[in-house]
Amino acid sequence: MARPKPWEVDHELWAVIERLLPKVERRPRHPGRRRHPDRLVFQGILFVLHTGVAREHLPQELGFGSGMTCRRRLAEWTEAGVRHRLHEGLLAKLRSVNALDFSRAAVDGSHVRALKGGPKTGRSPVDRGRTSSKHHLITDATGVPPAAALTGGNRNDVTQLIPLLQAVPPVRGKRGRPRRRPDVVLGDRGYDHDKYRRPVRDLGVKPLIARRGTEYGSGLGTQRRVVERAFAHLHRFRRLRIRWEIRDDIHEAFLALGCALICWRRLNSR
């Protein structure tokens with residue numbers, strides 16, 4: 001039996017997604033062309049995410065609709081908040097099976113080239129000044145990403161430390177109050193700025209950040225490896241290796257969808 005393609009949505013995942021999608025009723029008069037099925041369009045979006053193919057080159061024989069249809073539907077679902085509710089729902093499922101560890105979190109950033117420019121881009125300090133963006137990621141102790149952010153490539157990692165901690169949603173899944181803050185946040189030397197340590201503590205999180213100028217061997221690297229592994233999983237989605245979208249909200253939608261799929265895979269592995 002052939003293995004399913006990574007963009008094929010099984011019934012279990014679709015049951016989670018379908019109830020989050022906005023309902024669109026056809027007009028009784030002049031209804032126009034029938035709307036392409038949401039499930040097929042979602043698979044078309046996943047095909048673009050996994051393969052990195054330009055939307056105008058989406059193979060029509062797959063039955064996912066046109067690339068423009070997939071792009072419009074992605075923008076529509078993004079505006080309706082589907083990506084946030086999907087991610088939060090999967091995080092809650094992970095917590096309900098004890099697969100989410102907030103005892104510590106790790107943060108890091110990664111540059112991606114932005115070939116078409118657009119909002120949230122800048123001159124990259126590590127790529128000869130080329131136009132780029134930056135993915136910022138926070139993970140739990142096991143490498144599950146509860147939040148991600150997009151900035152220009154010239155933004156310092158430490159500027160996104162507080163926004164990342166604040167972007168972690170209240171995660172339900174167990175009785176009692178939702179969990180939102182990790183106990184400890186780990187960062188490399190790029191996050192070593194004293195003026196940011198106090199705001200982190202004000203959020204109830206202990207900053208554990210390597211000091212600049214100190215020798216390597218503190219042991220933080222072995223604990224921070226989870227965020228580097230999460231970036232490796234995230235950038236296996238070819239659409240996220242290079243930013244092709246001028247609109248930042250569309251690229252952020254792909255970024256959030258990649259994080260949600262990592263959560264789904266972790267849930268299935270349990």
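## Terms and basis of the model

A residue is called buried when its relative accessible area is under 20%, exposed when that area is over 50%, and partly exposed in between, with a 1.4 Å probe and protein chains only. By this definition Arg128, at 77% relative accessibility, counts as exposed.

The structure is a predicted model, in which local features need pLDDT of at least 70, side-chain atom pairs count only at pLDDT 80 or more, and totals for chains, interfaces and linings use all residues. Residues are numbered from 1 along each chain as its sequence is written, and side-chain values use heavy atoms, with hydrogens and water left out.

Helices (H or I, at least four residues) and strands (E, at least two) are DSSP runs, numbered from the N terminus. Exposed Arg128 is placed in the loop between strand 2 (122-123) and strand 3. Its C-alpha atom is separated by 34 Å from that of Cys70, and the two residues are 58 residues apart along the chain.

Helix 1 covers residues 11-18, and its buried residues are Leu13, Trp14, Val16 and Ile17. These lie on the same side of helix 1, because they cover an arc of only 155 degrees around the axis; the arc is that of the directions from the helix axis to the C-beta atoms. An α-helix has 3.6 residues a turn, so residues three or four places apart point the same way. On the other side of helix 1, His11 and Glu12 are exposed. The cover over the buried residues of helix 1 includes helix 2, helix 4 and helix 8, where contact means heavy atoms within 4.5 Å.

In helix 6 (residues 194-202), Tyr196, Arg197 and Val200 are buried. They line one face of helix 6, because they fall within an arc of 110 degrees when seen down its axis. Asp194, Lys195, Arg198 and Asp202 are exposed on the other side of helix 6. The packing partners of the buried residues of helix 6 are helix 5, strand 5 (184-187) and strand 6 (206-209). Just after helix 6, Gly204 has a positive phi of about 85 degrees.

## The cavity

A cavity is a set of points, on a 1 Å grid over the protein atoms alone, where a 1.4 Å probe fits but cannot get out; a pocket is an open set with protein on both sides within 12 Å along at least five of seven lines, and lining residues have an atom within 4 Å of a point. Grid points are joined across faces, edges and corners, and a volume is the space filled by probe spheres set on the points.

The structure holds 1 cavity of 30 Å³ or more, and the largest cavity contains about 150 Å³ of space. It is lined by 13 residues, of which Phe42, Leu74, Val82, Arg83 and Leu257 are the closest to its centre. Two or more lining residues come from each of helix 2 (38-51), helix 3 (67-79), helix 4 (82-96) and helix 8 (248-269). Helix 8 gives the largest share, 4 residues. The lining has 11 nonpolar, 1 polar and 1 charged residues; Ala, Val, Leu, Ile, Met, Phe, Trp, Tyr, Cys and Pro count as nonpolar, Asp, Glu, Lys and Arg as charged, and the others, Gly among them, as polar.

The largest pocket contains about 440 Å³ of space. Of its 15 lining residues, Pro4, Lys5, Pro6, Glu8 and Arg265 are the closest to its centre. Helix 2 and helix 8 are the elements that give two or more residues to this lining, and helix 8 has the largest share with 4 residues. By class, the pocket lining has 7 nonpolar, 3 polar and 5 charged residues.

His50 belongs to helix 2 and is buried at 12% relative accessibility. Beyond residues up to four places away in sequence, His50 touches Pro6, Trp7, Arg236, Phe237, Arg238, Leu261 and Arg265.

Lys134 lies in strand 3 (residues 131-140) and is buried, with a relative accessible area of 7%. Its side chain reaches the backbone oxygen of Arg155 at 3.2 Å, a polar contact being a pair of N or O atoms within 3.5 Å; within protein, one must be able to donate a hydrogen and the other to accept it, and residues adjacent in sequence count only if both atoms are side-chain atoms.

Asp157 is found in the loop between strand 4 (147-152) and helix 5 (161-167), and at 11% relative accessibility it counts as buried. Leaving out neighbours within four places in sequence, Asp157 is in contact with Asp108, Gly109, Lys134, His136 and Tyr191. The C-alpha atoms of Asp157 and His136 are separated by 7.5 Å, with the two residues 21 residues apart along the chain.
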